[in-house]
Amino acid sequence: MNYELDHEDIRDSLRRLCADFEGPYWRKCDREQAYPGEFVQALTDAGYLAALIPEEYGGSGLPISAAAAILETIHHAGSNAAACHAQMYTMGTVLRHGSEQQKQQYLPAIADGSLRLQAFGVTEPGSGTDTTALRTTARRDGDDYIVNGQKIWTSRAEHSDLMLLLCRTTARDQVEKKTDGLSVLLVDMRDCDEKSLTIRPIRTMMNHATTEVFFDNMRVPAENLIGEEGKGFRYILSGMNAERILISAECIGDAKWFTDTSSRYASERKVFGRAIGQNQGVQFPIAKAYAQMRAAELVLREAVRLYEAGGNPGEEANMAKMLAADASWAAAEACVQTHGGFGFAEEYDIERKFREARLYQVAPISTNLILSYIAEHVLGMPRSY
Ligand SMILES: Cc1cc2nc3c(=O)[nH]c(=O)nc-3n(C[C@H](O)[C@H](O)[C@H](O)COP(=O)(O)OP(=O)(O)OC[C@H]3O[C@@H](n4cnc5c(N)ncnc54)[C@H](O)[C@@H]3O)c2cc1C
């Protein structure tokens, strides 16, 4: 199956790169909950993680459709970009809101792979989806901020040099709007001692290198503040459409992998003397998931088109994320069912991909929150929370 229309050269070279990282590699990482460092290095060396960094800062300056093609192809090949995808969109906050000095200092090093910006600390145990209720504080002390608090689900913190951190610089009861008083700090974790910054891995149902992070009087130079103090929430929000678009592309890639795998197996596996794929009960869930994926792909393409035209496609990016995550989940479910008992066997990679695909119903934004965004911001209904 090959219905991709754009960036065929990028997709081709990615397929070749991913061919060096087949099922056994991912199964070993998954079993050991090990970071796929070799894969991330190969992507870095080939320049893919710098796709969105402008050429003047050492990147390729490609449009978001190219980044989407990269992530989709990785997932379609059965690989997993979760180990590094955030580097693509997290640096957007520095690019859009950082000072020229910060961009010069960090972006070329991120582009050439000598510096990793993989960690993004927003979620906290006490606030969850209600981001503005976060309690991590940064208090100004001379030329530094002193950070105290805790983050959870900070993925890749152990494998990153830098962390983009959202924290409160003015107490919630001292600001007019709860979205004010939050600031973004670019934390160079190499400068932090173990006492002020503690990172603890969280074992999860899939291999995701996620952690909880504790800050105990951690000093961050004030020059690492991104943009203006107190305006951090809108800086983070401004990167959300890119994040939604890129995660959708990964889900589309997963859905394609599941569907290819299902249709191939259904055509080959013989039970009662004929291919199981001859039975409509086996065909239909696969065909339905495929149709869902194609529909989601169209919405994603529309989100990309509007984004590249300079728009702010909150509606399309959110819908694409939800529809693509639903399509990949439907395709995952059909794939396990099509394979019968073999769907549960580690060596088929299906159960691994199944666990990986489940995440996108919840993170980086849950389906409910996308539905309430559509209800409120697109359909004009009252805010529910
Ligand atoms: C593996 C993994 C990696 C992650 N990586 C990162 C990361 O790198 N950086 C980071 O900052 N965060 C990360 N997250 C956090 C992720 O973004 C959150 O888990 C997600 O946004 C949901 O927040 P929560 O877990 O606190 O759920 P909660 O906010 O506690 O919500 C629980 C459930 O209630 C529902 N719910 C809550 N409020 C409402 C409402 N008003 N209406 C309807 N339903 C509602 C939610 O949809 C959800 O299903 C990661 C999470 C996971 C699991």
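This is a predicted model: local features need pLDDT of at least 70, side-chain atom pairs count only at pLDDT 80 or more; totals for chains, interfaces and linings use all residues.
Which element gives the largest share of the shell around the ligand? That would be helix H12, with three residues. Residue numbers start from 1 along each chain as its sequence is written.

The protein chain splits into domain 1 (8-112), domain 2 (117-231) and domain 3 (239-378), with bounds from an automatic or database domain assignment. Domains 2 and 3 have their C-alpha centres 32 Å apart. Both of them give residues to the shell around the ligand, so the ligand lies between them.

Around the ligand there are 23 residues, of which Val122, Gly128, Thr129, Trp153 and Ser366 come nearest (a residue is near if its C-beta atom, placed from the backbone, lies within 6 Å). Strand E1 (117-121) and helix H12 (367-378) are the elements that give two or more residues to this shell; helices (H or I, at least four residues) and strands (E, at least two) are DSSP runs, numbered from the N terminus.

As for strand E5 (residues 182-188), six of its seven residues are buried, so the strand is largely enclosed by the rest of the structure (buried: 20 or more other C-beta atoms within 10 Å of a residue's own, all placed from the backbone). Strand E4 (residues 162-168) runs antiparallel to E5, joined by seven bridges, and here Leu166 has Val184 as its bridge partner. Strand E8 (residues 225-226) also pairs with E5, antiparallel over two bridges (pairing takes at least two DSSP bridges). There, Val184 stands opposite Ile226.

Methods. A residue is buried if 20 or more other C-beta atoms lie within 10 Å of its own, exposed if 12 or fewer, and partly exposed in between; C-beta atoms are placed from the backbone.
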